[in-house]
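Student: Please take a close look at the aromatic pairs here. Which rings come together, and where do they sit?

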Amino acid sequence: MTASHPSDGLPLPRRYAAIGALCLGTALIIIDGGVANIALPTIARELHIDRSSVVSVVTVYQLMLVMLLLPFAGLGERIGLKRLYQWGQLLFAVATLLCFFAKSLPFLLIVRGAQAIGAAAALSVSAALIRATYPTKQLGSGLGINSAIVSAGAALAPTLGGLILGIAPWPWVFASAVPFAIGSLILGRALPDTPPRDTPFDVIGAVMCAGMFGLIIGGLESGVHGDSPVVSAAIVLCGALLGVYFVRRQRRERDPILPIDLLMQPVLRLSVIGAYTAFIASMTLIISMPFRLQSEFGFSPVEMGLLMAPWPLTNIVVAPLSGWLSNKIPAGVLGGVGMAISIVALVLIGYLPPHPSHFDVIWRMALCGGGFGTFLPPNARLIIGSAPRERAAAAGGLVSTTRLLGQTTGATLVAALLAFGIGNGATPPLVAAGLAFVAGLCSIARLRPSIRMPPSEEVAETVATLKQSR
C-alpha cells in the first residue's frame with residue numbers, strides 16, 4: 001500500500017513533468033471557458049442566430065461540468081486517476097477540432113457538450129493527482145500554484161480571444177486551447193499511477209447526481225431568464241425531490257458519489273460552506289462590476305478590462321504564497337485573514353466616490369483579489385488533505401463542484417439583482433461582503449479544537465453510525 005500511495009509524492013525529475021501536465025491541463029480548461037465569452041457576438045452573427053440563443057454555448061458547457069464532476073470523480077477512483085485524466089484531455093482536444101465543422105448552433109452545442117465531458121473528466125481528478133504528485137508538506141504550495149494558473153488563465157482568456165478574433169475565424173478561438181491539451185497529454189505520461197479500486201460503480205447514483213444538479217441549476221437559470229416562473233419553480237422542485245431521495249440512497253453506499261462520508265466531518269463541512277459562499281461573493285462582484293463601471297461611472301470597455309485586471313493579476317502572486325503558508329499556518333487563520341481583507345475591500349468598492357479615478361478602482365480590486373487569493377488555496381488544501389487518500393478524488397471533485405456551484409449561483413444572483421434594478425450599483429459588492437463574512441466565520445470556526453481534532457469516541461460513534469446505515 002505504501003508503494004502504491006507514496007506519502008512523499010513523485011520523485012524528481014518526474015514530479016516536474018507531472019506538474020507541467022497538470023498546469024497545462026488546468027490552463028486549457030480555464031482558457032477555453034473564458035475565450036468562449038469573447039466569441040459569442042461573432043458566433044451569433046456568422047451563424048445567424050440571436051444573442052439570447054448564443055449564450056447557450058456557455059451555459060451548456062458550465063451545466064455539463066457541474067453535472068458530471070462528482071460522477072467522474074467516483075469513476076476515476078475505479079478505473080485510475082491518470083487514465084481518466086488522459087482520456088478527458090484527448091476527448092477535449094478532439095471535440096475542439098470539431099468546432100471547425102460547426103455550421104449551426106445545434107451542432108456547436110453538441111461539440112461544446114463533448115468538450116465539457118472531457119473537461120469534467122480531467123477536472124474531477126486533477127486535485128487528487130496534485131495530492132499524489134506533491135510531497136505532503138508541499139501540498140499547499142501545489143494547490144496555490146494551481147490557483148495561480150486558474151487566475152492567469154482567467155486573465156489571459158479575454159485578451160487571447162480578442163487577438164485571435166482579430167486575425168482568424170471564430171473556430172480558432174476554441175482551437176487556441178489545443179496546444180495545451182497536446183502538451184498535457186505528452187507530459188501526462190509522468191502523472192502518478194494510482195491503482196484503481198476494485199469496487200462497483202454506482203451508475204444509477206451517477207445518473208441521479210447529474211439529474212439533481214441539472215434540474216436545480218437549469219430551473220434557477222430558467223427562472224431568471226425564462227418567461228414562466230411556475231415552470232421554473234416546478235423544475236427546481238423536481239430537482240430538490242430527486243436530491244432528497246438521492247442523498248438518502250447515498251447514505252447506504254460504502255463509497256458514495258456524493259461524498260457524504262466526507263461532509264460528515266465538521267471541519268470539511270465548514271470548509272465546503274465557506275468555499276461556496278466565497279465563490280458566490282467573488283462571482284457576484286466580477287459579473288456586476290462591469291455594469292457599474294459603464295453605466296454609473298462611464299468607463300469605456302477598454303478601461304473596464306484594465307480596471308478588472310488587478311483581481312486575477314494579484315491572485316497570480318498571492319495564491320502560491322498563501323498555499324505555501326498553509327503548509328505552516330492553520331487554514332482557519334489564513335482564511336479568516338483573507339476574508340477580513342476581502343470584506344474591507346468589498347465595502348470600499350461599494351462606497352466608491354461619485355467620480356472615481358482609475359487608481360481608486362484598481363487598488364480596491366487588487367486588495368479584494370488578494371483577500372480571496374489568501375482564502376481559497378488553504379481552504380482547498382484542508383479539504384483535499386484531510387480526506388483519506390483513497391477518497392482524494394471524491395474530495396477533489398467536491399472542491400471543483402463547490403467552485404462551479406458557487407460561480408453559477410453568483411451569476412444567477414447578479415441576474416436577479418439586475419432584474420430588480422439594483423444590480424449595477426453599490427448593492428452587489430455589499431451583498432458580496434455579507435457572503436464573505438459568512439465564509440470568514442466558517443474559516444475561523446475551524447480553529448476550535450473540538451472541530452479540528454474531535455474526540456476519539458466521537459469519531460468511533462460516527463464510524464459506527466455510518467456502518468449501521470450501510
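Tutor: The count comes to four aromatic pairs. Rings of Phe, Tyr and Trp (its six-membered ring) pair if their centres lie within 6.5 Å; planes under 30 degrees apart are stacked, over 60 edge-to-face, the rest tilted. This is a predicted model, where local features need pLDDT of at least 70, side-chain atom pairs count only at pLDDT 80 or more, and totals for chains, interfaces and linings use all residues. Numbering runs from 1 along each chain as its sequence is written, and side-chain values use heavy atoms, without hydrogens and water.

One of the pairs is F100 with W172. Its geometry is edge-to-face: 5.0 Å centre to centre, 80° between the planes. F100 lies in the loop between α4 (81–98) and α5 (105–133), and W172 in helix α7 (residues 171–175), so the pair ties together parts 72 residues apart in sequence. Helices are DSSP runs (H or I, at least four residues), numbered from the N terminus. F100 is partly exposed, at 27% relative accessibility. W172 is also partly exposed, at 46%. Buried means under 20% relative accessible area, exposed over 50%, partly exposed in between (1.4 Å probe, protein chains only).

W311 and F372 form a stacked pair. Their centres are 5.2 Å apart, with 25° between the planes. W311 belongs to helix α14 (residues 310–325) and F372 to helix α16 (residues 358–386), so this contact ties together parts 61 residues apart in sequence. Both W311 and F372 are buried.

As for the setting, the chain has 20 helices and zero strands. Of its 470 residues, 52% count as buried.

Methods
Helix = DSSP H or I, 4+ residues; strand = E, 2+ residues; numbered from the N terminus.
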